[in-house]
Amino acid sequence: MADTPHVVVLGAGFAGVGVAQKLRDAPVRLTIVDRNDYHTFQPLLYQVATDELEPTAVGSPIRDLLHRHDNVTFHKCSVDRVDLANKRVVVQGMPPIDYDYLVIALGSVVNFHGTPGAEQHAFPLYTMKDAMRLHDHILRTLETVDKDPLLVNDGALNFCVIGGGPTGTELAGALTELLHTELNADYPNLPIDQARVILYEHSPHLLAHFKPKLRDYAKQALEERGVEVHTGIGVMEVDASEIKLSNGEKIKTHTLVWAAGIGANPIADKLEVELVHGGRVPVGPDLQLPNFPGVFVVGDMASMTDAKTGQPLPGLGAVALQAGHHVGKSIAQLVAGKAATPFHYVDKGTMAQVGRGAAVVELPTGGTLTGHIAWLAWLGVHLSLLSSAEEKTSVFVDWGWNLLTHRRGKRILLSDDNTSTDNT
Ligand SMILES: Cc1cc2nc3c(=O)[nH]c(=O)nc-3n(C[C@H](O)[C@H](O)[C@H](O)COP(=O)(O)OP(=O)(O)OC[C@H]3O[C@@H](n4cnc5c(N)ncnc54)[C@H](O)[C@@H]3O)c2cc1C
């Protein structure tokens, strides 16, 4: 075994899992490290926050995903830094791990862009803990207003979202549906009709990367569902009960959901290589770190360009998974004495859900879909991307139940306070 090449993968997100899938039968020892013992399906976190799905539906146990791999060891621990010169990884609570091949796939973290008060008072939506914290905050807010209805005048029922990309758009649509259906029935004494969901986007359009007609559709669909959409407006300051906007206006609110930006994992800063675009690590066409053969950086943490088009690749789950598959195959090729090949991304389209029965889809051919057909496509694609059969079944059952009965999950509060989460 000592002669068998040791591959260490940091991060069991889309990219890390993709690498492991392709190395299952390779003649290597594989060690995977993640600070969590579960893989998070980030695209559906907003459904956990708004009670459409249980947390376990979008988090798969990593050890479970590796059951059919004989050559794998998993360690649940945090990575502190990578010592590229000595080919070892420094982790918490364990001796350093030496490697022959290394894949760094630690994803991204929330970026508050230095906005005063945002870190203390805003609710990001990038981790499972973020989603559960927001979920509990929404329920706790309604419980508080139930006891003291005067808090409505203090903006307690104003739910603000900053960021009109897919995350903010999807969350705003789901939140307005949650408030005006289940929560309206759960709190008959509350003036839920006065609850507002307000979406701010600092650029002129929602869903900036989609075609204009899809952006217009999404805005109209959100507004039909009662969301107030304000484009060209950013958030400048955040307080516990108020936000200050870029137009000088102040809005009373106890909830600002932060869907306005991510940056690369801070471990990138410790690599001592020159970073680009929001702290990302630039990699070569085969996704190896220049000057460090055998070290790959993939997914959201990397600045990857498509080998065929030369275009920078977006921070998407589909990109990370395909890049992970490519790196897994490349390592198997290197171990077999062959060269690694350039990565070419196959675009299968982009999509976002706006609410029940409404979504936008941009197909790789340039075609577009909206409405029910786009929504069904969105459901199918997200279901197929989930990593385990158990998750697929659980999500399918929850969505089916929701669709047939118009009812969501069990709305119960399990945490005692609003403790903030660690996003690093
Ligand atoms: C709310 C939200 C919605 C999204 N919606 C979509 C969508 O609809 N479609 C789409 O294609 N993409 C979507 N994305 C983007 C997609 O989820 C990311 O591009 C993808 O997860 C990136 O994969 P990754 O493997 O690079 O990182 P991740 O999936 O983030 O995985 C990184 C892993 O590293 C681990 N880790 C981090 N730091 C450490 C450390 N110091 N030590 C040990 N482990 C660590 C984490 O626990 C995690 O498991 C969304 C993202 C978010 C946040």
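Student: Which elements make the right-handed β-α-β unit?

Tutor: A crossover counts as right-handed if, with the strands pointing away from the viewer, the path from the first strand over the helix to the second runs clockwise. Here β13, helix α8 (residues 212–224) and β14 make such a unit. Helices (H or I, at least four residues) and strands (E, at least two) are DSSP runs, numbered from the N terminus. This is a predicted model, in which local features need pLDDT of at least 70 and side-chain atom pairs count only at pLDDT 80 or more, while totals for chains, interfaces and linings use all residues. Residues are numbered from 1 along each chain as its sequence is written, and side-chain values use heavy atoms, with hydrogens and water left out.

Student: In what sense do β13 and β14 pair?

Tutor: Two strands pair if DSSP finds at least two bridges between them. Strand β13 (residues 196–201) and strand β14 (residues 227–231) are joined by five bridges in the parallel sense. Ile198 has Glu228 in β14 as its bridge partner.

Student: Which residues come nearest to the ligand?

Tutor: A residue is near a molecule if one of its heavy atoms lies within 4 Å of it. Of the 28 residues around the ligand, the nearest are Ala15, Asp34, Gln42, Val79 and Asp300.

Student: Why does the ligand lie between domain 1 and domain 2?

Tutor: Domain bounds come from an automatic or database domain assignment. The ligand lies between domain 1 (6–35 + 77–110 + 263–335) and domain 2 (118–260 + 349–405) because both give residues to the shell around it. Helix α9 provides the largest share of that shell, three residues.
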